[in-house]
Amino acid sequence: MSSARRQYPFHLIEPKWQARWDHEQTFRAWNPGEDIPADHPFRKRHPAALPPKYYILDMFPYPSGAGLHVGHPEGYTATDILARYRRALGFNVLHPMGWDAFGLPAEQYAIKTGQHPRKTTEANIATFKRQIKSLGFSYDWSREVDTTDPNYFKWTQWIFLKIYNSWFNPATSKAEPIETLTYPPELRSDEEKRAYRDSKRLAFVSEAPVNWCPELGTVLANEEVIDGKSEVGGYPVIRKPMRQWMLRITAYAERLLNDLDSIDWSHSLKEMQRNWIGRSEGAEVIFRLADSEKSITVFTTRPDTLWGATYMVLSPEHKLVDEITTPEYRAEVEKYRAYAASKSDLERTELAKEKTGVFTGAYAINLANNERIPIWIADYVLISYGTGAIMAVPAHDTRDLEFAEKFSLTVIKVVEPPDGKDWRGFVDDGTSVNSSNPEISLNGLPTPEAKRKITAWLESKGLGKKTINYKLRDWLFSRQRYWGEPFPIVWKNGHHEALPESALPVLPPELQDYKPTASGEPPLARAKEWVNLPDGSTRETNTMPQWAGSCWYYLRFIDAQNPASLCDAKAERYWMGTGGSSATPGIDLYVGGTEHAVLHLLYSRFWHKVLYDLGYVSTPEPFFKLVNQGLILGEDNQKMSKSRGNVIPVDAPVKDFGTDALRLFEMFIGPLEMVKPWSTRGVEGVYRFLGRVWRLFVDEQSETELEQRLTTEQPGPELLDIIRLNPAIQDVTATPVQLKTLHACIRKVTEDLDGLRFNTAISALMVFVNEAMTWETRPRSVMRDFLILLQPFAPHLAEELFSRLYLKSELRLPYIPWPKFDPALLVEDMLVIAVQVNGKLRDTIVVPANPTQEEIEAAALKAEKAQPFLAGKIVKKIIVVPKRLVNIVVA
RNA sequence: GCCGGUGUGGCGAAAUGGCAGACGCACAGGACUUAAAAUCCUGGGGCCUUAAAAAGCCGUGUGGGUUCGAGUCCCACCACCGGCACCA
C-alpha cells in the first residue's frame with residue numbers, strides 16, 4: 001500500500017483499547033476462591049458464583065530472534081475469537097500465553113558470541129511479547145510463563161523427581177511410588193536391590209547411541225538431524241554410544257493408544273499417533289539350533305506362515321551372532337558386522353534398495369516341519385525392534401522375498417491368495433496350504449484362524465506365545481547442552497541419587513564457554529565448582545531436552561505464581577473440568593501446528609498420565625479437543641522461509657492496515673485447518689470491509705474533521721472524541737426486514753463459531769453490512785447486536801464503535817451477553833421454489849410459506865418456462881422437497 | 001511402498017443428496033472529480049447464437065455406478081500436499 005487513503009483511524013483506535021484492556025485487566029481469568037474486584041467487568045456479569053470454565057490454549061512459541069511472521073497469529077487469532085465468544089456466552093475463560101524459551105538457537109548464539117543465553121532469550125521474549133500484544137489478543141497476562149524462569153523449571157525438575165521416584169506396576173498398569181516395588185526373594189544384598197530398583201524406575205540410565213555432530217561439537221536430538229545431517233549447518237552426524245537418561249514411555253504405549261478413543265482430535269492426527277506407537281500383535285516363536293542346545297527367539301505377526309520359514313535372519317548386532325557363527329564363516333561375518341556398524345543412518349536409508357547380508361554357517365530347526373534352515377545376518381533386521389531376529393518367509397513377505405531372490409534361497413508357498421492372485425509375494429490374508437505335520441494342520445484355514453490355531457499349539461508345546469510389540473521406543477531424555485534444565489541428580493560411588501525437593505530449583509552454573517568439553521562431555525562439566533559437591537558426590541551434567549518444559553506448561557497456567565506446588569489442586573479440578581460440573585474433561589480446545597503432531601503431544605500425554613497415576617492431576621488426558629491450524633504460505637504459494645525471501649513479518653500489515661484487518665484476513669482466507677497463501681490484496685479487501693463498518697456507524701462530517709486535524713496535530717486517542725455517531729442511527733423500532741437481516745447474521749455467526757468456520761462467519765458479517773449500508777435509518781438496537789457479533793473478530797473497532805453507541809455506558813463490550821437469534825423472525829412469507837423437469841432446473845416459482853403438497857404441484861406444473869419440457873409428456877411422478885424444489889419426472 | 005489430506009471460475013473460496021460458484025480479490029463499465037485516488041452503483045464459469053438479449057447446451061481432477069436428482073454417496077484411477085518408512 002503506498003498512498004491509499006486510510007479507511008478509518010485504526011492507528012488511534014487500536015493502541016487506545018489495548019492500553020485500556022491492560023490497565024483494566026479486562027481479560028483476567030479467575031480461579032476458585034480468588035477475590036474479584038467489585039468494579040471488574042467480569043464481576044458485574046457474574047456477581048455470584050463462578051460460571052462454567054472454558055480453557056482454550058495456544059501452543060506457546062519458541063521466541064526466536066526473527067520475531068513473528070504472519071503465520072504465527074493464525075492459530076492465536078482463532079483461539080482469541082473463540083475466547084471472546086465464550087466470554088460473551090458467559091464462560092469463565094482461561095486463555096494464557098507464555099514462552100518455550102530453552103533451546104539450541106540461543107545456545108549456538110552464545111557459543112559464537114559469548115553472550116549469555118539468558119540475555120538473548122530475554123530480548124527475544126520482549127520482541128515476541130510486544131508483537132503479540134500489538135495484535136490485541138485477550139490473554140490473561142498475569143499468568144504468563146517462561147520455561148527458563150527458575151520459578152518455572154523448579155517444577156519441571158520436580159516432575160522429573162516424581163518420574164524418577166516411580167515405577168510402572170504391570171499389575172495395575174499404573175505408575176506407583178518406587179517404595180511400593182517388591183523385590184524378588186533371591187535379591188539379598190542392598191547392592192542387588194538397588195540395581196533392581198534402578199532398572200524399574202520410569203527414569204533410568206542406559207548406554208544408548210546418540211547423534212554426535214563432530215563439527216558442532218555437540219550431541220543432537222533426533223529431531224535436529226535431517227537426512228543424517230545436522231539441521232543447523234548441515235554437518236554430518238554419526239552414531240556414538242553414550243550414557244543417557246531415558247524415560248520409560250513404552251510402559252504407557254497401550255494407554256497412550258487406547259485413550260485416543262476418549263479425546264476429540266482429528267482422524268489424521270490420531271492416526272499419526274497410532275502409527276508412531278505402532279502396536280502390532282503377533283507371536284514369539286523359539287527356534288532350536290540344529291547343532292547345539294542354543295535357541296533363537298523371533299517375533300512374527302504371521303505365525304501361520306511357519307511352514308514357509310526357509311531361513312532365519314539375525315540383526316548384525318544380535319548377541320548370539322558370535323556364538324553361532326562357524327569358523328569358516330567367521331571372517332566374513334566380522335567383516336559384515338563392521339560394515340553395518342560403520343553405516344550412518346543416512347547410508348542405511350539410501351542403501352535400503354539393495355539387500356545385503358552374509359551366512360553364519362549355522363542352521364536352526366523349523367519346528368513345524370523339522371527342516372534345517374540356514375541362519376543369516378542382515379542389516380534389514382533391526383536390533384531395536386522385536387527380538388532382533390526373524391524367521392524369513394520369502395513367499396509372503398516382500399523384504400524376505402527380495403533377500404531370498406538375491407541369495408537364491410528357497411521359497412515355499414503356504415498361503416493361497418483368495419482371488420487367484422500370484423502367491424509369490426502375497427502378504428495379505430488368504431488360506432493356509434502346505435502347512436501340516438503329524439500333530440497339527442492349518443490347511444484350508446483362513447489366515448486369522450490359522451494364526452489362532454498355530455499360536456495355541458506353540459503355547460501348548462512351550463515353544464512360543466502371543467506377544468504384542470510396539471514401534472515406540474523409550475524417550476532419550478538427556479542432552480549435552482547448557483541451555484536446558486539441569487537434572488536434580490547427583491552421582492555417588494557410581495550410583496545416581498535424587499536430590500531432595502528442598503534442593504530445587506537446581507540452577508545452571510555461570511560459564512564463559514558454552515561449548516562441550518574437548519572430551520565430549522556436556523558444557524556443564526566445565527563448571528568444576530558446581531559439579532563437585534563437598535561430600536564427594538558430583539552433579540549430573542546433562543540437561544533436559546526442550547520438550548521437558550512444554551510437557552506440562554498448560555498446568556502451570558492454571559496457577560502460574562504458586563510457590564508451594566505446580567498448581568493448586570482445587571484450581572486444577574476447576575479448570576480441568578473435574579470439579580463436579582458437566583464441564584469438558586481437560587483443556588477445552590488446544591490449537592497448534594501439525595509439526596507437533598507426534599512428539600510434543602505424545603510426551604505431554606505421557607507426563608500427564610504419570611501425574612494422573614500419582615494423583616497430581618485429575619484427568620487421564622490433558623487436551624480434550626485439538627485442532628491443527630494449516631500453514632500460511634508466502635504470496636508465491638511457497639512455504640515461508642528466510643532462504644526463499646518470502647517471509648512476511650507481522651509488523652508490516654499491522655502498520656499498514658491495523659491488527660483488526662490482519663486478524664480478519666487470516667480467518668477469512670479459508671478454513672482454519674487448510675494450507676493457504678498470504679495475499680496483501682486480500683488484507684486490503686477485509687480492511688475495506690472494516691472501513692465500511694466504520695462509515696456505517698460514524699458521521700461523515702465528523703470524520704472529515706478528524707482527517708483534517710490529523711494532518712496538523714499529533715495523533716492521540718483524544719482526537720477520536722471528535723467522531724460523532726452517524727445520524728442514520730436512531731432509537732427506532734427495527735423493521736421486520738432489518739430484524740431478519742440481523743437474526744440471519746446472528747444465527748450464521750453463532751453456528752459457524754461453534755463449528756470453527758471463521759471464514760463463513762465473516763462472510764455473514766459482510767452480508768449484514770452490505771444490507772445495512774442501504775438502510776436510511778439504522779436502529780440502535782440492531783447496530784448494537786451487530787457490534788457484539790463483530791467484537792470477537794475485530795475487537796478494537798467494535799469497542800470503539802460501541803463506546804460511540806453508548807457514550808455514558810458502564811457496560812463493557814467483551815462481557816455483554818451474546819445475542820440469541822429468534823427463528824420466528826426468519827420465517828419467510830413467500831418462498832422461491834425451484835422447478836425441475838427430470839432433474840434439470842427449468843424455472844422458479846413463488847409460493848406462500850407452508851403450502852400444501854397439492855398447491856405446490858399445481859403451481860409447478862403451471863411454471864411458464866417448464867412448459868416446453870412438459871408438453872406432450874406423461875407426468876410419472878412429482879417429488880416435492882419442502883421449501884426448496886419440485887422435480888417433475890416425465891416419460 | 002504404507003497412512004492421512006486436498007482437487008470447484010483468472011485467484012482465495014461457499015454449498016444438511018435438492019437452484020453450483022455465497023462472501024472476497026483481481027477485472028470491466030458507469031457515477032462523483034479539472035484529473036486521479038478513495039467512495040458508491042452495475043456486470044461477470046464456459047460454449048453457442050445475437051446489434052443486444054432471451055432460450056439452449058456444457059461445466060466441481062478422470063472414468064464408471066447408485067438416485068427422480070450427485071461437488072456431496074459407492075467403485076476404479078490420476079495429480080498435488082503432509083506424515084511414516086526394511087518395525088518382521
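This note walks through some salt bridges in the structure above.

1. A word on the model before you explore: it is predicted, so local features need pLDDT of at least 70, side-chain atom pairs count only at pLDDT 80 or more, and totals for chains, interfaces and linings use all residues. Residues are numbered from 1 along each chain as its sequence is written, and side-chain values use heavy atoms, with hydrogens and water left out.

2. The whole structure holds 50 salt bridges. Here a salt bridge is a side-chain nitrogen of Lys or Arg within 4 Å of a carboxyl oxygen of Asp or Glu.

3. Start with Glu34 and Arg28, whose side chains form a salt bridge at 2.5 Å, N to O. Glu34 is partly exposed at 32% relative accessible area, while Arg28 is buried at 18%. (Buried is under 20% relative accessible area, exposed over 50%, and partly exposed in between, using a 1.4 Å probe and protein chains only.)

4. Next, find Lys162 and Glu501, which meet in a salt bridge at 3.1 Å, N to O. This pair links distant parts of the chain, 339 residues apart: Lys162 sits in helix α6 (residues 150–164), and Glu501 in the loop between β23 (495–498) and α15 (528–531). Helices (H or I, at least four residues) and strands (E, at least two) are DSSP runs, numbered from the N terminus. Lys162 is buried at 17%; Glu501 is partly exposed at 42%.

5. Now look at Asp731 and Arg780: their closest N and O atoms are 2.9 Å apart in a salt bridge. Asp731 is exposed, with 64% relative accessible area, whereas Arg780 is buried at 18%.

6. Finally, salt bridges with shared partners join Lys16, Asp721, Glu800 and Arg804 into one network.

Key. Chains lettered and ligands numbered in written order.
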